[in-house]
Amino acid sequence: MAQYSAQTDDELLLRLRNGDEQAFAALYRRRQGAIYRFTLHMSGSPAAAEDITQEVFLALLREDCGYDRERGTLSGYLFGIARKLVLRNLERGRGDVPLEPETDDASPRELAIIDDPLAGLTRHEAIEALRRAVHALPRRYREVVVLCDLEELDYAEAAVALGCPIGTVRSRMHRARALLLDKLNQDRKPRLAVDAWKPMRYAI
Amino acid sequence: MNCQEFWDHLPQRGHDVTEAQAGHVAECAACNTQWKQHRALVDGLRSMAEEWRKVEAPSRMEAGLMAAFRSHSGFQVRRALQRSWWTPVFAWASAAAATIAIAALLVRGYQPPPVPGTVAAPHRAPRPVVQVASVLAPETDSDDDSAVLGEGFVRLPNAPSIGPNEDFNVVRVELPGSAMIEAGISLSEDRAAERVLADVALASDGTPRAVRLVSDGGTY
């Protein structure tokens, strides 16, 4: 298996297409964690995440799976399939995370001015607070946070996975972080946060 | 640098900012505050990412996917085998050749007189239906092939008997009733023109040795 660890995703894909089971295993072990976590964050259901992750890797076995290395990395492609399957799952109403209304609120954001919304929390508490805040995000913002902040995809890879321009990824990230800060501040110090809000248009 | 430019050009990861961005943060109190929040949030998300990195798909999934992979590969192999067009062609050609040989032997010397005013139907070779069995003849001293081959078999005229421990195949075919009568099978004359199902015993060299009539229900 060591010989496979040095190979790129594309090389492993080529091998598995030629019937190399070990190459498939190596590719799965390399990518399954990120795909599973992404689907878990997006669906909120371990059962759905398991099903979707399995479907993502089964898709690789199809000759007409649609992967084109010219258009992006295999990792971005896998996240893209996972995302589509998650959306299909959510549309069927099987997702455990209630979707919030999808709005493109263009009004100026109000930002809390607490320096560190996680200050004073233990590491475990901070992570739990962040997890709740991430899961409360509308789907389009949650997915960029999960891909770029938690799974550390660069904006280009995330753009492939999401099927949108890099600029859109960047702007959604900015907005998602603002929403996260709002949520964290409201959860921790509701009164203080509300009192401290200032319209962004005045701040900038 | 204004506030918009500061936020638009932040690095995706890390807190390193350019000299110009650092200068803006030093001058703009609002961006300075937001920048501190931003850094705290990114640090928190990084901690969350480290914690979540321990989460992986259940190990049972890998076994299931590997089984699917093997099944998929097996399917491809089976498809490749199915694409070997010559396999069924060869089988059918062999069966057809064998049955033509049987028919030739059975009808040898028997040509019904043509009926005046009628046109003889074109000859059709017996059509093999299915191979019934491959059998090893038991060792016996009897000259009776029925005892060797099974109930109902009659040795064909001029055909050598099946030897002890000799391999032979039984092939089910359609034959003219007249040929069965000629071979000594008990069949009424009014069925001479019909095609009837018969089991033919073929020796290992492909020559027919014995025949029996199969009843209309398809069993002997």
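Author: Let us start with a definition: a residue counts as buried when its relative accessible area is under 20%, and as exposed when that value is over 50%. Please keep in mind that this is a predicted model.

Reader: Is Arg209(B) buried or exposed?

Author: Arg209(B) lies in strand 5 of chain B, which covers residues 208–213. The cut-off for a buried residue is under 20% relative accessible area. Because Arg209(B) has a relative accessibility of 8%, this residue counts as buried.

Reader: Which residues does Arg209(B) touch, leaving aside those up to four places away in sequence?

Author: Contact here requires heavy atoms within 4.5 Å. With residues up to four places away in sequence set aside, the partners of Arg209(B) include Val154(B), Arg155(B) and Leu156(B), and also Ala159(B), Pro160(B), Ser161(B) and Ile162(B).

Reader: How many helices and strands does chain B have?

Author: Read from the N terminus on, the elements of chain B follow the order α-α-α-α-α-β-α-β-β-α-β-β. Taken by kind, the secondary structure of chain B comes to seven helices and five strands.

Reader: What share of the 220 residues in chain B is buried?

Author: The same cut-off of under 20% relative accessible area applies to each residue. Among the 220 residues of chain B, the buried share is 35%.

Reader: How many salt bridges are there between chain B and chain A?

Author: One salt bridge joins the side chains of Arg29(A) and Glu62(B), with 2.4 Å from N to O. Between chain B and chain A, the count of salt bridges is three.

Reader: Which helix gives the most residues to the side of chain B that touches chain A?

Author: The elements of chain B that give two or more residues to this side are helix 1 (3–8), helix 3 (29–52) and helix 4 (60–82). By class, the side that touches chain A has 20 nonpolar, 11 polar and 11 charged residues. The element that gives the most, with 17 residues, is helix 3.

Reader: What area is buried between chain B and chain A?

Author: The size of an interface is often given as the accessible area lost when the parts come together. Here, 42 residues of chain B are in contact with 52 residues of chain A. Carbon and sulfur atoms give 62% of the area buried between the two chains, and that area is about 4300 Å².

Note on methods
Residues numbered from 1 in each chain as written. Chains lettered and ligands numbered in written order. Predicted model: local features only at pLDDT ≥ 70, side-chain atom pairs only at ≥ 80, totals over all residues. Heavy atoms only, no water. Helix = DSSP H or I, 4+ residues; strand = E, 2+ residues; numbered from the N terminus. Buried < 20%, exposed > 50% of the residue type's maximum accessible area, 1.4 Å probe, protein only. Buried area = accessible area lost by both parts, 1.4 Å probe. Salt bridge = Lys/Arg side-chain N within 4 Å of Asp/Glu carboxyl O. Nonpolar A, V, L, I, M, F, W, Y, C, P; charged D, E, K, R; others polar.
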